[in-house]
Amino acid sequence: MLWTAAGVVTLGFLLALEVAARHYGVRGPITEQAREVVFAPDSGPLLYAGLALTMVVLTWRQRLVAAGAAVGIDLVFWLVRWVVGADMNFGNGALWVVLGCAVVAVTRRRGGERALLLKGTGLGLLLVAGHKTGDTWLLITSRTRKAVLDPYVATADRALGDPSWLVGRFVEATEPVGDHVLHLVYGQLPLAAALVGLYQLRHVARERRFPSHHLVRTFLVIGLLGPAVYMIFPVVGPVFAYGADGGQWAVANLWPHTPPPGGTPHPIPFDDITPRNCMPSLHTAWATTLFLHSRKGSGAMRFAGAFWLVATLTATLGFGYHYGADLIAGVVFALTVEAAMRAFARGWDRAALGLVAYGAAVFAALLVSYRFLPVEMAEHPWAAGPLLLLAMGSVILGFVRTTRRWEAEAVPVRQPEPPRPAEPQPELV
């Protein structure tokens with residue numbers, strides 16, 4: 001019943017975004033994903049990551065058949081595109097196999113096996129649909145929010161020492177190696193999440209059920225809720241508002257060598273192309289969630305999770321995509337959503353309600369302070385900066401303490417073994 005309700009809600013949401021996108025004269029997420037059945041996909045690795053998530057419910061023999069079919073279909077598409085001179089890319093085969101699994105589930109499976117295979121195909125399709133949904137959200141923000149609030153965030157960011165300007169100069173000094181590595185990490189975050197998700201779901205085929213909570217669930221919810229905040233607090237980022245990428249709409253060409261000017265902040269008009277996707281930083285939120293879920297893995301996975309978090313934070317600032325204030329909001333947002341998803345899986349209690357409510361209150365307080373107290377924050381950086389970090393730290397501390405208590409309660413207490421009956425002694429004659 002729960003999966004059915006979630007499916008209905010997701011379908012309704014995708015249809016609403018499709019209608020909204022059509023209103024602005026572009027294709028929505030459903031149309032974009034349907035086109036990739038035939039036309040060259042935007043991201044082949046993402047489609048194969050979706051196939052990998054689907055294959056967690058298959059046996060090893062079925063996985064080999066599915067992977068071979070996907071590669072074979074892609075080779076046929078590649079040859080046809082090469083002959084006719086069409087755009088070259090791969091990934092159609094992965095999508096065909098995922099859809100084929102859905103058809104097999106409906107026509108050839110019954111009961112629990114059908115439900116399990118449909119959950120697998122739904123998970124794979126949702127990973128791709130989440131990316132398409134994000135693109136549509138970004139388009140809507142650029143078309144509906146004509147003015148942006150970058151001067152407010154840039155002013156508040158002075159309390160943190162203008163970290164985007166500082167890290168931007170660092171990344172510039174490490175070119176071309178640092179630039180290439182950070183772009184790779186930043187662009188392939190969904191693929192990294194799929195790999196961690198695969199590790200968490202590696203026992204599904206044997207146990208014939210999904211775990212109550214895993215990374216992909218939180219990843220998708222963050223992508224669903226985050227863009228709604230973009231509509232409330234539209235920000236384009238320093239490389240656009242204060243850099244050359246903003247063109248004639250930029251306040252000035254200042255980033256990353258000249259700190260932003262002071263004064264009283266005010267909304268500034270901007271173009272109808274650049275997404276207003278800074279507050280909060282969803283890349284930071286996703287990387288934080290990836291880090292949290294990698295803690296239960298092997299040593300290599302824990303290292304990779306930590307590296308991906310540090311590299312993502314460096315990239316978001318160093319490329320001028322975000323301010324430091326965005327990152328703080330992104331961490332608080334991620335921990336609040338993750339706490340809610342864990343509570344939903346294990347059951348709500350007083351600790352869960354308190355943690356989620358506190359995280360939501362801190363997140364709201366951050367947005368309010370960025371919007372209405374930026375000048376005061378910039379004038380008193382030695383007070384405002386530590387307060388921002390303490391607010392984030394308090395949410396981190398609350399999350400760690402609460403989740404550790406949950407994990408301790410989940411560990412079964414070992415019952416003492418009953419005493420063995422005394423062995424009969426031989427009678428003395």
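Student: In which helix is the place of Thr218?

Tutor: Thr218 lies in helix α12, residues 215–232; helices are DSSP runs of H or I with at least four residues, strands are E runs of at least two, and both are numbered from the N terminus. This is a predicted model, in which local features need pLDDT of at least 70 and side-chain atom pairs count only at pLDDT 80 or more, while totals for chains, interfaces and linings use all residues. Residues are numbered from 1 along each chain as its sequence is written, and side-chain values use heavy atoms, with hydrogens and water left out.

Student: Is Thr218 buried or exposed?

Tutor: Buried means under 20% relative accessible area, exposed over 50%, and partly exposed in between, with a 1.4 Å probe and protein chains only. Thr218 has a relative accessible area of 0%, so Thr218 is buried. Leaving aside neighbours within four places in sequence, Thr218 is in contact (heavy atoms within 4.5 Å) with residues including His213, Thr289, His293 and Glu338.

Student: How do α17 and α19 pack?

Tutor: Two packed helices are described by the angle between their axes and the distance between the axes. Helix α17 (residues 350–372) packs on helix α19 (residues 381–410) at about 165°, with axes 10 Å apart; axes are lines fitted to C-alpha atoms over the stretch in contact, and angles run from 0 to 180 degrees between N-to-C directions. Therefore α17 is roughly antiparallel to α19, a term for angles over 145 degrees.

Student: Which residues of α17 meet α19?

Tutor: Among them are Leu355, Gly359 and Tyr370 in α17, while those in α19 include Ala391, Gly398 and Trp406.

Methods: Angles under 35 degrees count as roughly parallel, over 145 as roughly antiparallel, 65 to 115 as roughly perpendicular and the rest as oblique.
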